[in-house]
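Have the viewer open and follow along.

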Amino acid sequence: MSLPVGTAAPAFELISQNREPVSLDDLKGKKSLIVFIPFPFTGICDDEGCAIRDGLGGLEQLDANVVVITAHAVPVTAKWASEFGFEFPILADYWPHAAVIQAYDAFNEEKGAANRVSYVLDADGIITDVIETEALSIAREFEAYGKALA
């Protein structure tokens with residue numbers, strides 16, 4: 001169950017793969033796409049990250065920030081970003097374990113990781129759309145991001 005459209009996104013501050021803090025306040029002023037992923041270095045997560053990497057210019061043309069959040073530690077996010085050439089922020093929600101993921105109702109208790117949930121926010125941090133799949137084994141359609149941000 002995801003957070004409902006029309007509600008304010010929960011505040012957060014997490015560390016990126018570059019060891020820089022990124023907060024919800026940093027994203028305000030532009031539309032934002034917050035993408036929760038369960039497991040870096042797995043086929044579906046890698047493919048979703050690469051789709052964002054390859055389509056980042058189009059998302060930026062829609063005046064949107066993009067961040068990815070995972071329950072893994074910064075060394076993992078840094079290695080994943082480096083290996084795949086991800087220049088958008090990959091945020092580590094490692095400790096307390098998945099606290100932000102839980103605040104966004106995106107935590108999978110059974111797996112101890114995020115579900116495949118993405119939130120589209122307006123410039124004020126209000127949720128305008130939710131893009132999610134029914135199972136970890138199903139990738140989100142990248143095209144849905146552009147439609148939701150347009």
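Start with helix α3, residues 74-84, where Val74, Thr77, Trp80, Ala81 and Phe84 are buried. Buried here means under 20% relative accessible area, exposed means over 50%, and partly exposed is in between, with a 1.4 Å probe and protein chains only. Helices (H or I, at least four residues) and strands (E, at least two) are DSSP runs, numbered from the N terminus. Looking down the α3 axis, the buried residues fall within an arc of 130 degrees, so they line one face of the helix; the arc is taken from the directions running from the helix axis to the C-beta atoms.

What do the buried residues of α3 pack against? They pack against β1 (13-16), α2, β4 and β5 (90-92), with contact meaning heavy atoms within 4.5 Å. Just after α3, Gly85 takes a positive phi of about 70 degrees.

A word on ground rules: this is a predicted model, where local features need pLDDT of at least 70 and side-chain atom pairs count only at pLDDT 80 or more, while totals for chains, interfaces and linings use all residues. Residues are numbered from 1 along each chain as its sequence is written, and side-chain values use heavy atoms, leaving out hydrogens and water.

Now for helix α5 (residues 142-149), where Tyr145, Ala148 and Leu149 are buried. Seen down the α5 axis, these buried residues fall within an arc of 90 degrees, so they too line one face of the helix. Glu143 and Lys147, on the other side of α5, are exposed. The buried residues of α5 pack against β3 (31-36), α2 (43-61), β4 (64-70), β8 and β9.

Those last two strands make a pair: β8 (residues 117-121) and β9 (residues 127-132) run antiparallel over 5 bridges, pairing being called when DSSP finds at least two bridges. Tyr119 stands opposite Val130 in β9. The hairpin has 5 residues between the strands, and Gly125 takes a positive phi near 85 degrees.
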